[in-house]
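Subject: Structure handover

Hello,

Here is the structure you were expecting. Please open it alongside this message.

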Amino acid sequence: MYAIVRAGGRQHKVAVGDVLEIDRIDAKPGDSVELSTILVVDGESITSDPWVLGGVKAHAEVVDHTKGDKIVILRYKNKTGYRRRQGHRQKHTAVRITSIDSVSK
């Protein structure tokens, strides 16, 4: 069983036990959060109806807060190298999926 969840403007494919990085959320490590589902696939059926998925959530536990890599800019110039680093590092939250609600028919 897996689900497609929406977190921070992006969509991620998750299953129970997966660890993924989402945009920073205000929660301490060890707290539990709920992620809204867009699609749920179990062994027999695929559910994407928003009326059915309205109450179906993916439950996750916050693992850690991290920062992403710096942005590296590479430009090609003839016979010279050009490599520059930008200073921005995106803040992320690592979460572990603990359970996905089942779809009741």
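Predicted model: local features only at pLDDT ≥ 70, side-chain atom pairs only at ≥ 80, totals over all residues.

Threonine 37
Strand β4, which covers residues 32-41, contains threonine 37. This residue counts as buried because its relative accessibility is 10%, and the cut-off for buried is under 20%. A polar atom of the threonine 37 side chain lies 3.0 Å from the backbone oxygen of valine 56. Beyond its neighbours within four places in sequence, threonine 37 is in contact with Ala3, Ile4, Val5, Leu53, Val56, Lys57 and Ala58.

Threonine 93
Threonine 93 sits in strand β9. With a relative accessibility of 0%, threonine 93 also counts as buried. Its side chain has two polar partners to look at. One is the backbone nitrogen of isoleucine 25, at 3.2 Å; another is the side chain of histidine 65, at 3.1 Å. Not counting residues up to four places away in sequence, threonine 93 touches a set of residues including Leu20, Ile22, Ile25, Val62 and His65.

The nonpolar core
The largest nonpolar core holds 18 residues, and Val95 and Ile97 have the most contacts inside it. At least two residues of this core come from each of β1 (2-7), β3 (19-23), β4, β6 (57-67) and β9 (91-100). In soluble globular proteins, nonpolar side chains tend to be buried together. Setting aside residues up to four places away in sequence, valine 95 touches Asp18, Val19, Leu20, Ile22, Val33, Ala60, Glu61, Val62 and Val63.

Regards

Methods:
Residues numbered from 1 in each chain as written. Heavy atoms only, no water. Helix = DSSP H or I, 4+ residues; strand = E, 2+ residues; numbered from the N terminus. Buried < 20%, exposed > 50% of the residue type's maximum accessible area, 1.4 Å probe, protein only. Polar contact = N/O pair within 3.5 Å; in protein donor to acceptor, adjacent residues only side chain to side chain. Contact = heavy atoms within 4.5 Å. Core = buried A, V, L, I, M, F, W, Y, C linked by side-chain atoms within 4.5 Å.
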